[in-house]
Each structure stands twice: as structure tokens, then as C-alpha cells.
Amino acid sequence: MQAQQTLNAMELDKLKDRIKDIRIAMLTTLESDGDFHTRPMATHEIDEDGSLWFFTYDNSTKVAEIQQDQRVSVAFSDPGSEVYVTTTGRADVVKDRAKIEQLWSDFLKTWFPNGKEDPHIALLKVTIHGGEYWDRPGGKMVKLFEMAKGALTGDADKTGRNEKFGDVPK
């Protein structure tokens with residue numbers, strides 16, 4: 001079952017802007033007993049339609065979990081820039097050789113030593129339908145200033161932003 005992305009153009013632009021420099025994401029799948037299983041994944045691309053792409057092996061645990069339940073969460077974190085994003089969506093296992101070729105880079109040989117021709121290489125396509133982000137314009141300097149100000153005045157820091165997007169209750 002191919003999932004449909006439900007982000008509007010403005011939400012998609014905000015998402016792309018926030019995660020464009022974050023290389024490692026945390027992918028969460030559901031195990032057969034309903035427990036969560038989270039692992040780091042290198043993000044390779046976010047399409048114009050908002051789909052995230054990851055390399056994997058077709059015989060991996062994550063693929064077995066996705067074949068049982070396509071619902072996933074992908075989280076991004078950049079503490080240095082004060083950007084945090086969580087997304088929810090559906091994952092599909094894709095064995096498209098042309099897409100594998102398009103996304104392949106030699107740094108992947110660290111995890112896939114047999115290269116892009118390995119018959120077990122596959123892609124995970126995560127179609128995002130919603131999520132949430134937190135950020136702080138100005139980053140660490142603004143945070144440090146607000147912490148110092150709050151310590152002196154007792155005023156709460158109001159510089160952080162939080163927004164939900166897509167098909168999630170707002």
C-alpha cells in the first residue's frame with residue numbers, strides 16, 4: 001500500500017528547511033509485540049513531495065517490522081542549531097535499481113561493503129503525513145541570553161518555537 005503525503009507546500013518547505021543539514025535521523029518502527037524499535041539512519045534525500053529515503057538491506061529487522069506495520073516515526077536533532085523535528089508516516093521497501101543508483105554515494109560502503117550491486121540492498125521510502133518541530137531562532141546565543149535573563153528576572157524564555165504540521169491534531 002503506497003502512502004499519501006499530506007503536507008501542504010508551506011509545511012513541506014518548513015520541514016525541508018529544518019532538516020536539510022541534519023544527516024542522521026532516528027527511525028522508529030514497531031516490533032511484532034508492539035514495542036518500539038529505534039535506530040540511527042543516514043538520510044539520503046527528501047523529495048519534492050516530502051518523502052525521505054534511506055538505504056537498508058532487504059533482509060534486515062527493520063524491513064521485517066515494516067512489512068508487518070508500515071507506520072514509522074523519524075526524528076531529527078541538531079542541538080547546535082536548536083532544531084528538533086519529529087515526523088510520522090508510512091514506510092515502503094523499494095528495490096528500484098535506478099533509484100538506488102541515483103542515491104548511492106561511496107561513503108555508504110562503510111555500511112554496505114559489497115556496494116550498490118549487492119542483491120540485498122534496498123531503499124526505505126518514508127512518506128510523511130505529519131509531525132512537529134521545535135526550534136529557536138538565533139540558536140545558542142539567544143538561548144544563553146534568555147537563560148541569563150531568566151535567572152535574573154524570573155521571566156520564562158519565550159524565544160523557542162513549536163509547531164505541528166501535516167495530518168496531526170494541532
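Me: Which residues does Val74 touch, not counting residues up to four places away in sequence?

Reply: In this predicted model, Val74 touches Ala25, Met26, Leu27, Leu52, Phe54, Val85, Thr86, Thr87 and Val126. Val74 is also one of the residues with the most contacts inside the largest nonpolar core, together with Leu52, Phe54, Phe76 and Val85. That core has 23 residues.

Me: Which elements give two or more residues to this core?

Reply: They are helix H1 (9-19), S1, strand S4 (51-57), helix H2 (61-68), strand S5 (71-78), S6 and strand S7 (121-135). The largest share, four residues, comes from S7. Apart from this core lies another one, of ten residues, among them Val94, Trp104, Phe112 and Leu123.

Me: Let's take Val94, then. Why is Val94 called buried?

Reply: Buried means under 20% relative accessible area. Val94 has 17% relative accessibility, so Val94 counts as buried. Val94 lies in strand S6 (residues 83-94). Leaving aside neighbours within four places in sequence, Val94 is in contact with Trp53, Ala122, Leu123 and Lys125. Val94 and Ala122 are 28 residues apart in sequence, yet their C-alpha atoms are 5.8 Å apart in space.

Me: What makes the link between the side chains of Thr28 and Thr38 a polar contact?

Reply: A polar contact needs a pair of N or O atoms within 3.5 Å, one able to donate a hydrogen and the other to accept it. The one joining the side chains of Thr28 and Thr38 is 2.7 Å. Thr38 is also among the residues that Thr28 touches, as are Phe36, His37 and Arg71.

Me: How do you know that S1 and S2 pair?

Reply: Two strands pair if there are at least two bridges between them. S1 and S2 have seven, in the antiparallel sense. In one example, Ala25 has Met41 in S2 as its bridge partner. S1 also pairs with S5 in the antiparallel sense, over four bridges, and there Ala25 stands opposite Phe76.

Me: Why do the buried residues of H2 line one face of the helix?

Reply: The buried residues of H2 are Lys62, Val63, Glu65 and Ile66. Seen down the axis of H2, they fall within an arc of 160 degrees, so they line one face. On the other side of H2, Gln67 and Gln68 are exposed. The buried residues pack against S1, strand S2 (36-42), S4, S5, S6 and S7.

Me: Now for the rings. Why is the pair of Phe55 and Trp104 called edge-to-face?

Reply: Rings pair if their centres lie within 6.5 Å, and planes over 60 degrees apart count as edge-to-face. The rings of Phe55 and Trp104 have their centres 5.6 Å apart and their planes at 80 degrees, so the pair is edge-to-face. The pair links distant parts of the chain: Phe55 is in strand S4 and Trp104 in the loop between helix H3 (97-103) and S7, 49 residues apart. Ring pairs also link Phe55, Tyr57, Trp104 and Phe112 into a cluster.

Me: Are Phe55 and Trp104 buried or exposed?

Reply: Phe55 has 5% relative accessibility, so Phe55 counts as buried. Trp104 is buried too, with a relative accessible area of 12%.

Key
Residues are numbered from 1 along each chain as its sequence is written. This is a predicted model: local features need pLDDT of at least 70, side-chain atom pairs count only at pLDDT 80 or more; totals for chains, interfaces and linings use all residues. Side-chain values use heavy atoms; hydrogens and water are left out. Contact means heavy atoms within 4.5 Å. Buried means under 20% relative accessible area, exposed over 50%, partly exposed in between (1.4 Å probe, protein chains only). A nonpolar core is a set of buried Ala, Val, Leu, Ile, Met, Phe, Trp, Tyr and Cys residues joined through side-chain atoms within 4.5 Å. The arc is that of the directions from the helix axis to the C-beta atoms. Rings of Phe, Tyr and Trp (its six-membered ring) pair if their centres lie within 6.5 Å; planes under 30 degrees apart count as stacked, over 60 as edge-to-face and the rest as tilted.
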